[in-house]
Amino acid sequence: MRRNLIKSSEERGTLNAGQVGGRAGHDANTLTFMEEMKNEICHCSRKSLLNFDNDAAACYDRIMPNITNLIGRKKGLHYNLTFVHEGC
C-alpha cells in the first residue's frame with residue numbers, strides 16, 4: 001500500500017522535493033552529502049549557518065488523512081478534531 005501511494009504521488013507530482021526515501025532516482029546518500037558540503041562551505045568561509053530541519057515538512061505529504069482520522073478516533077480523539085485534515 002505504501003509503495004502504491006508513493007508511486008501515484010510521484011506520478012502526480014505531489015511529493016515534497018525534500019522527500020528522498022523510497023523514491024526512484026532520489027538517494028538519501030546524496031541528501032546527506034549535500035548537507036555535509038553546505039556545512040563545510042560555511043565552516044571554511046567562516047560564515048554563520050542556521051540549519052532548521054523540520055521532518056514533518058518532508059513526511060506530511062505521505063500522511064493519509066482518512067487513515068489518520070480512523071486511528072485517532074480509535075485512540076479516543078474527539079470527533080470534531082478529526083476534521084483538521086478535511087481540506088487535505
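How many helices and how many strands does the protein chain have?

## Overall architecture

The protein chain has four helices and zero strands, where helices (H or I, at least four residues) and strands (E, at least two) are DSSP runs numbered from the N terminus. Read from the N terminus, the order of the elements is α-α-α-α.

This is a predicted model, in which local features need pLDDT of at least 70 and side-chain atom pairs count only at pLDDT 80 or more, while totals for chains, interfaces and linings use all residues. Residues are numbered from 1 along each chain as its sequence is written, and side-chain values use heavy atoms, with hydrogens and water left out.

## Confidence

The mean pLDDT of the protein chain is 75, and 75% of the residues score at least 70; pLDDT is the predictor's confidence in each residue, on a scale from 0 to 100. Where pLDDT is low, the predicted coordinates should not be read in detail.

## Burial, contacts and surface

Of the 88 residues in the protein chain, 14% count as buried, a class that means under 20% relative accessible area, with exposed over 50% and partly exposed in between (1.4 Å probe, protein chains only). Among contacts (heavy atoms within 4.5 Å) that link residues at least 6 apart in sequence, 39% join residues at least 24 apart.

The protein chain exposes about 7300 Å², of which carbon and sulfur atoms supply 58%; accessible areas come from the Shrake-Rupley method with a 1.4 Å probe, and for residues only the protein chains shown count as cover.

One salt bridge is found in the whole structure, the criterion being a side-chain nitrogen of Lys or Arg within 4 Å of a carboxyl oxygen of Asp or Glu. K38 forms a salt bridge with E35, their closest N and O atoms lying 3.4 Å apart. Because K38 and E35 are three residues apart in helix α2, about one helical turn separates them. K38 is partly exposed at 32% relative accessibility, and E35 is partly exposed at 25%.

R46 lies in the loop between α2 and α3 (55-59). Its phi is near 55°, a positive value in a residue other than glycine, and R46 is exposed, with a relative accessible area of 77%.
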